[in-house]
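The following briefing concerns a single protein model.

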Amino acid sequence: MKQQYYIKATKDGMKAGYNGFQHKMGITKHPHPDTTGTICSEGFHMAKSIKDALSYLNNATEFYICKPVGKIYAEDNTKISAGRINI
């Protein structure tokens with residue numbers, strides 16, 4: 001069975017580590033997700049484990065269990081990228 005839930009690591013106040021995007025509880029849509037299958041591009045990135053999340057944001061202070069909503073646009077061994085996320 002394919003993994004359904006992932007980890008979103010953030011800084012204090014649910015702020016993304018890369019660009020400071022302010023996450024919120026519930027479903028959020030990314031304004032410009034990359035749908036080409038490129039893993040490190042525009043979109044919401046979710047790790048497959050807390051260990052994987054820390055490898056991308058080693059100063060994370062908050063961890064959320066989340067689920068992609070709709071299509072997963074890219075995936076590798078440690079994370080996925082999607083256009084919508086439910087935290």
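The lining of the largest pocket comprises 13 nonpolar, 7 polar and 3 charged residues, where Ala, Val, Leu, Ile, Met, Phe, Trp, Tyr, Cys and Pro count as nonpolar, Asp, Glu, Lys and Arg as charged, and the others, Gly among them, as polar. The model is predicted: local features need pLDDT of at least 70 and side-chain atom pairs pLDDT 80 or more, whereas totals for chains, interfaces and linings use all residues. Residues are numbered from 1 along each chain as its sequence is written, and side-chain values use heavy atoms, with hydrogens and water left out.

**Largest pocket**

- A pocket is an open set of points on a 1 Å grid over the protein atoms alone where a 1.4 Å probe fits, with protein on both sides within 12 Å along at least five of seven lines; lining residues have an atom within 4 Å of a point.
- The space in the largest pocket is about 580 Å³, a volume being the space filled by probe spheres set on the grid points, which are joined across faces, edges and corners.
- Among the 23 lining residues, Lys 8, Ala 16, Tyr 18, Gly 43 and His 45 are the closest to the centre of the pocket.
- At least two lining residues come from each of β1, β3 and α1 (50-56); helices (H or I, at least four residues) and strands (E, at least two) are DSSP runs, numbered from the N terminus.
- The largest share of the lining, 4 residues, belongs to β3.

**Strands**

- Because 5 of the 5 residues of β1 (residues 6-10) are buried, this strand is largely enclosed by the rest of the structure; buried means under 20% relative accessible area (1.4 Å probe, protein chains only).
- Tyr 6, Lys 8 and Thr 10 point one way from β1, and Ile 7 and Ala 9 the other way.
- β1 pairs with β4 in the antiparallel sense over 5 bridges, pairing requiring at least two DSSP bridges, and Thr 10 has Glu 62 as its bridge partner in β4.
- β3 and β6 run antiparallel and are joined by 4 bridges, with Met 46 opposite Ile 80.
- β5 and β6 form a hairpin with 3 residues between them, and Glu 75 has Ile 80 as its bridge partner in β6.

**Nonpolar cores**

- The largest nonpolar core has 10 residues, including Tyr 6, Phe 44, Met 46 and Ile 80; such a core is a set of buried Ala, Val, Leu, Ile, Met, Phe, Trp, Tyr and Cys residues joined through side-chain atoms within 4.5 Å.
- β3 (44-47), β4 (62-68) and β6 (79-82) each contribute at least two residues to this core.
- Another core, of 6 residues, lies apart from it and includes Ala 9, Ala 47, Leu 57 and Ala 60.

How values were computed:
Buried < 20%, exposed > 50% of the residue type's maximum accessible area, 1.4 Å probe, protein only.
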